[in-house]
Amino acid sequence: MRILIVDDHPIVASGCRTVFADDPDVVLLEAPDAESGERAFVTEKPDICVIDINLPTVSGFELARRILAREAGARIIMFSMNDDPVFAARAIDIGAKGYVSKTGDPNDLAEAVREVGNGGVYLPPAIARRVAFARPAFAQNPLSRLTSREMEILRLLSSGKSLSEIAWLVHSSYKTVANTSSIMRQKLGVRTSAELVRLAIESGVA
């Protein structure tokens, strides 16, 4: 089994190597950001991708979206320091087959790889319970109206990126990003980009 780890923290990558060190059937591939991760997916054709949400340029969610656009059946496990059920729910919504918190049991990642590798899905039991009970609250959150691409643009706006920078990062045109920003303001009931950014920060998107 070929597993692509996309994470910019060397310690995390080292920890992943330790988890699978005794499994001779696992070959680990590594990439530090979304761009190299996407290239590795195309050239190396991994069986499973383990993707950190917080990558240096665009997020792991954006990388997952790009990979799934290339191959709808790609098996992706999202990996994060955050065990907030909102992040796990969004991972599921975009098409990931698993979600693992870096702060949880180290065996969770190995279990997730086994389950997803066998065609299943995986959430640590504690996160699965929190997702199930938190779903009604997600539906009431204004940000639940946004698509994954809109959420990525909102995250980049809240991190201080200009529309031109965002267009380059998400492989789109300035006009498309500007139009998306306008649509988001309408969906969220705000009038200015500053209000949009403030809402993103208050909601923990930044």
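Me: How many bridges join strand β3 to strand β4, and which way do they run?
Reply: This is a predicted model. In it, 4 bridges join β3 (residues 48–52) to β4 (residues 76–80), and the two strands run parallel.

Me: Which residue in β4 does Val50 stand opposite?
Reply: Val50 stands opposite Ile77.

Me: What's the strand order in the sheet?
Reply: The sheet is open, has 5 strands and goes β2-β1-β3-β4-β5, with parallel pairing. β2 (27–31) and β5 stand at the edges with a single partner strand each, so one side of each has no neighbour in the sheet.

Me: And how much are neighbouring strands turned against each other?
Reply: By 20 degrees on average, with direction ignored.

Me: Let's look at Val100. Where is it found?
Reply: Val100 is in strand β5, which covers residues 98–101.

Me: Is Val100 buried or exposed?
Reply: Val100 is buried: its relative accessibility is 1%, and the cut-off for buried is under 20%.

Me: What is Val100 in contact with, leaving aside neighbours within four places in sequence?
Reply: Its contacts are Ile77, Met78, Phe79, Ser80, Asp108, Leu109, Ala112 and Tyr122.

Me: Which residues have the most contacts inside the largest nonpolar core?
Reply: Those are Leu4, Ile51, Ile67, Ile76 and Met78, in a core of 46 residues. There's also a second, separate core of 17 residues, which includes Ile5, Leu109, Val116 and Tyr122.

Me: New topic, helix α9. Which of its residues are buried?
Reply: Val177, Thr180, Ser181, Met184 and Leu188. Seen down the axis of α9, these buried residues fall within an arc of 105 degrees, so they line one face of the helix.

Me: What do they pack against?
Reply: The buried residues of α9 pack against α7 (148–158), α8 (163–169) and α10 (193–202).

Me: And what's exposed on the other side of α9?
Reply: Lys175 and Gln186 are exposed there.

Me: How far apart are the end C-alpha atoms of α9?
Reply: They are 21 Å apart, which agrees with the 21 Å that its 15 residues should span at 1.5 Å a residue.

Me: What follows α9?
Reply: Gly189 does, and its phi is positive, near 70 degrees.

Conventions
Residues numbered from 1 in each chain as written. Predicted model: local features only at pLDDT ≥ 70, side-chain atom pairs only at ≥ 80, totals over all residues. Heavy atoms only, no water. Buried < 20%, exposed > 50% of the residue type's maximum accessible area, 1.4 Å probe, protein only. Contact = heavy atoms within 4.5 Å. Core = buried A, V, L, I, M, F, W, Y, C linked by side-chain atoms within 4.5 Å. Expected span 1.5 Å × (residues − 1). Arc of directions from axis to C-beta. Pairing = 2+ DSSP bridges. Axes fitted to C-alpha atoms, helices over the stretch in contact; angles between N-to-C directions.
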